[in-house]
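Me: I've got a structure open and want to go through some of its packing. Can you take my questions one at a time?
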Amino acid sequence: MDNRFGFKDLVLTVLLLAILASIWLGMKQAGRQHSTLVAVTQEVGQQSASQARLERMLAEMSETLAEGVPVAAVPGGVATLSASPTADGFVPTAQLPDPFADRSKVQAASDYAGGDWVVDAFPVNVAKITPVIARDLYGSIVQSYVLESLAIRDSDTFSWMPLIARTWKTEPNVEAWQAYVDLRMAVPLTEDEVRQEEGFKKSTDETAKARHLAKRLAEGRRVEDVALENDCPAAVTVTFRLRRGLTFSDGVPLTSADFVFTHDLVAHPLVDAGPWRAGTTDKLKSVVAPDAHTVVFAFNQPYYDAFETAASFNAIPSHFYGPLNEENINRFNAEPGMLLGSGPYKVAAGPTTWSPGQEIVLDRNDRYWGDAPAPERLVFREITSDVARLTAFKNGDVDLFNRAIPEQYVNFKSDSDLVARSQSVEAFRVNDGYGWIAWNQKKNGKPTPFADVRVRRAMTMLIDRQKIIDEPLRGYGMIPSGPFNALSPQFNADVKPLAFDPEAARALLKEAGYEDRNGDGVVESEGGIPLAFKHTYPSSGSFWNGVSLMVKDSMAQGGVKFIPDPLEWSVFSEKVRSSDYDSISMAWGAGIETDIHHAFHSSQIGGGANNFPAYANAELDEIIDRARVTLDEEERMALWRRAHAILNTDQPYTFLYLRKYLMMADGRFKNFRETKVGTNDRTDWYVPTGRQKY
């Protein structure tokens with residue numbers, strides 16, 4: 001065989017080396033071009049952000065000058081608003097925080113870059129993302145990146161920041177409102193007025209109508225009815241001036257008329273928006289737009305949360321969702337994925353393209369008026385299995401693992417490789433609620449043993465709540481003393497949780513007439529009836545099962561027979577609705593300022609309302625009623641703190657635990673930090689160029 005290396009072989013080798021060299025040079029050149037392109041893109045992004053800030057500042061200065069508000073020169077030649085209040089009562093814009101301050105700061109960082117995605121996973125199947133008719137938390141999360149409100153709270157200070165609004169004023173008119181109400185309440189109710197009431201008109205039973213008429217005439221006028229009369233002055237008005245030049249993501253201008261439309265949409269009886277009406281439009285007398293950039297909210301009663309109610313209104317585009325006729329409303333109610341707004345993101349494939357079961361993809365809104373967020377895309381996937389969701393996070397298929405349960409978080413912390421490439425937050429948040437046990441004081445119309453405050457206090461003292469914190473919650477929790485979060489101004493720091501003390505609990509039970517009379521280890525009433533009851537709770541998940549078994553063991557130390565009664569959710573819900581239970585476990589959410597009327601006011605007993613333990617305290621009722629109409633914040637907080645003390649004394653609930661918020665995120669995100677609501681928003685995160693994944 002001839003193995004000599006000939007001229008032909010030499011030529012082929014040279015050609016091959018030339019091709020390889022050419023490929024190498026091409027790759028190097030492409031790399032340089034890519035680096036240059038990234039640098040140019042980054043520079044353009046920073047210039048665009050600076051230009052957006054400058055345009056916004058100039059627009060606001062122009063608007064202010066047009067309205068005759070004084071300006072003053074400051075070093076550097078830049079004009080700003082004077083610190084003195086405006087003549088017409090509006091807050092000077094210069095005194096309001098910049099909603100993009102955090103984003104502006106990071107955009108100046110040397111390694112800042114726009115781009116990349118944030119991929120999240122929802123633990124449920126999202127049913128709807130359409131505004132107003134979407135009722136679950138996760139649909140609301142998606143909406144928050146597409147829709148915008150008039151103002152938002154700072155996640156560190158809780159102060160209000162202007163968003164679509166640039167300034168506002170609040171005008172209490174309680175004295176005039178009260179004078180009108182007092183005058184009208186003194187006028188006897190007539191039969192003709194009762195016959196015009198909706199409840200009377202809807203009834204077809206003449207006997208029922210007669211009962212309704214007699215009952216209402218005996219009751220007399222109601223404040224809530226008087227407040228709705230056309231001649232009744234508004235108790236509070238909140239007026240917002242809007243930024244100019246804003247558009248929705250489809251390019252249509254945003255005006256004050258869109259906020260009027262939002263109100264009309266929520267208030268319309270055919271729109272499937274019951275929960276929204278209960279918290280917003282039922283308190284509003286009117287929402288009007290005197291001009292294209294002014295919107296006025298008038299409240300029909302004094303209401304402590306008037307400003308937040310108005311400021312939280314989203315701009316829902318009337319041109320896209322209207323008109324409000326029956327045919328269009330029926331279509332709207334049936335549409336799960338109809339979402340368009342003025343926010344920093346838009347539905348990637350179009351505002352009507354999403355359907356349940358699909359992942360939700362949002363792209364940056366290139367028409368956004370504010371500082372553009374760094375992430376180019378937000379993706380929300382549905383992974384309902386906790387195990388699968390954690391696996392997806394470990395594998396890098398999702399970037400976030402929100403609301404981890406303590407067991408998952410402990411597993412995460414034990415994986416050194418995962419911890420090294422991730423970051424996490426474990427924090428008590430002001431918006432985190434609490435788990436509780438409610439002691440039903442009236443069942444089948446008759447008082448139960450829990451109607452005695454001594455028995456309720458003994459129940460709490462027989463539950464080793466610290467053990468619940470230490471074991472099922474793995475230390476990631478605390479014992480609450482009442483319904484208000486410790487980070488809320490409503491919280492009464494002088495109120496301490498009742499201690500776990502079986503001996504003191506037995507003494508209280510004995511005082512209430514319960515002691516072990518036959519030596520069987522269970523305390524009985526004077527009539528020989530054992531203190532034994534079923535504890536009803538949802539059967540899904542292992543947490544409540546474990547807690548109930550722990551409570552059963554600790555109750556035995558006080559001679560109380562606690563019988564766990566886990567039920568499937570639909571059966572559990574019916575038991576709760578009909579008050580057919582002895583005690584139940586659930587949890588409530590919370591906020592910066594929480595209205596506890598729905599849970600503890602005696603008017604909310606029965607009829608499917610939320611005062612589950614049928615708890616009534618006249619002093620607490622009066623305090624709640626006063627707090628809800630007290631506009632002075634300092635005075636109102638003193639009332640809430642007194643309510644906190646009463647509830648800790650009365651123990652209608654055993655306030656079981658407050659759980660820490662546990663979250664993990666991919667380590668490539670920068671400016672990821674803890675705040676009083678958990679973390680700062682993902683729109684303020686960024687990924688340096690060399691670490692971008694998508």
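Me: Start with the rings. How many aromatic pairs does a search of the whole structure find?
Reply: The search gives 40 aromatic pairs. Keep in mind that this is a predicted model.

Me: Give me one of them. How are the rings of tyrosine 112 and tyrosine 686 placed?
Reply: Their centres are 5.1 Å apart and their planes meet at 50 degrees, so the pair counts as tilted.

Me: And which parts does that pair tie together?
Reply: Tyrosine 112 sits in the loop between helix H2 (101-107) and strand E3 (117-122), while tyrosine 686 is in the segment after strand E25 (678-679), so the pair links parts that are 574 residues apart in sequence.

Me: What about strand E11 and E12, parallel or antiparallel?
Reply: Antiparallel, with four bridges between E11 (residues 360-364) and E12. Valine 361 has valine 379 in E12 as its bridge partner.

Me: Remind me what holds paired strands together in general.
Reply: Backbone hydrogen bonds, in either a parallel or an antiparallel arrangement.

Me: On to the sheet of six strands. What is the strand order?
Reply: E18-E22-E15-E21-E19-E20, in an open sheet with mixed pairing. Strand E18 (477-478) and strand E20 (561-567) are the edges, each pairing on one side only.

Me: How does E18 pair with strand E22?
Reply: In the antiparallel sense, over two bridges, with E22 covering residues 653-659. Glycine 477 is opposite arginine 659 in E22.

Me: Helix against helix next. At what angle do H23 and H24 cross?
Reply: At roughly 155 degrees, with the axes coming within 9 Å; H23 is residues 618-629 and H24 is residues 633-650. H23 and H24 are therefore roughly antiparallel, and H23 passes H24 in a left-handed crossing.

Me: Which residues of H23 and H24 meet?
Reply: On the H23 side they include Leu620, Ile623 and Ile624, and on the H24 side they include Leu639, Trp640 and Ile646. By class, the contact of H23 with H24 has nine nonpolar, no polar and five charged residues.

Me: How does helix H17 cross H24?
Reply: H17 (residues 453-461) crosses H24 at roughly 85 degrees, and the axes come within 8 Å. That makes H17 roughly perpendicular to H24. Val453, Arg456 and Arg457 of H17 contact Asn648, Thr649 and Asp650 of H24. The residues of this contact split into one nonpolar, two polar and three charged.

Me: And what angle do H17 and helix H19 make?
Reply: About 165 degrees, with the axes 8 Å apart; H19 is residues 502-511. H17 and H19 are therefore roughly antiparallel, and the crossing is left-handed.

Me: Which residues of H17 and H19 meet?
Reply: Among them are Val455, Ala458 and Met459 in H17, and Ala505, Leu508 and Leu509 in H19. The contact of H17 with H19 comes to nine nonpolar, no polar and three charged residues.

Definitions and conventions. Residues numbered from 1 in each chain as written. Predicted model: local features only at pLDDT ≥ 70, side-chain atom pairs only at ≥ 80, totals over all residues. Heavy atoms only, no water. Axes fitted to C-alpha atoms, helices over the stretch in contact; angles between N-to-C directions. Parallel < 35°, antiparallel > 145°, perpendicular 65-115°, else oblique. Left-handed = near helix turned anticlockwise from the far one by under 90°. Contact = heavy atoms within 4.5 Å. Nonpolar A, V, L, I, M, F, W, Y, C, P; charged D, E, K, R; others polar. Pairing = 2+ DSSP bridges. Phe/Tyr/Trp six-rings, centres within 6.5 Å; stacked < 30°, edge-to-face > 60°.
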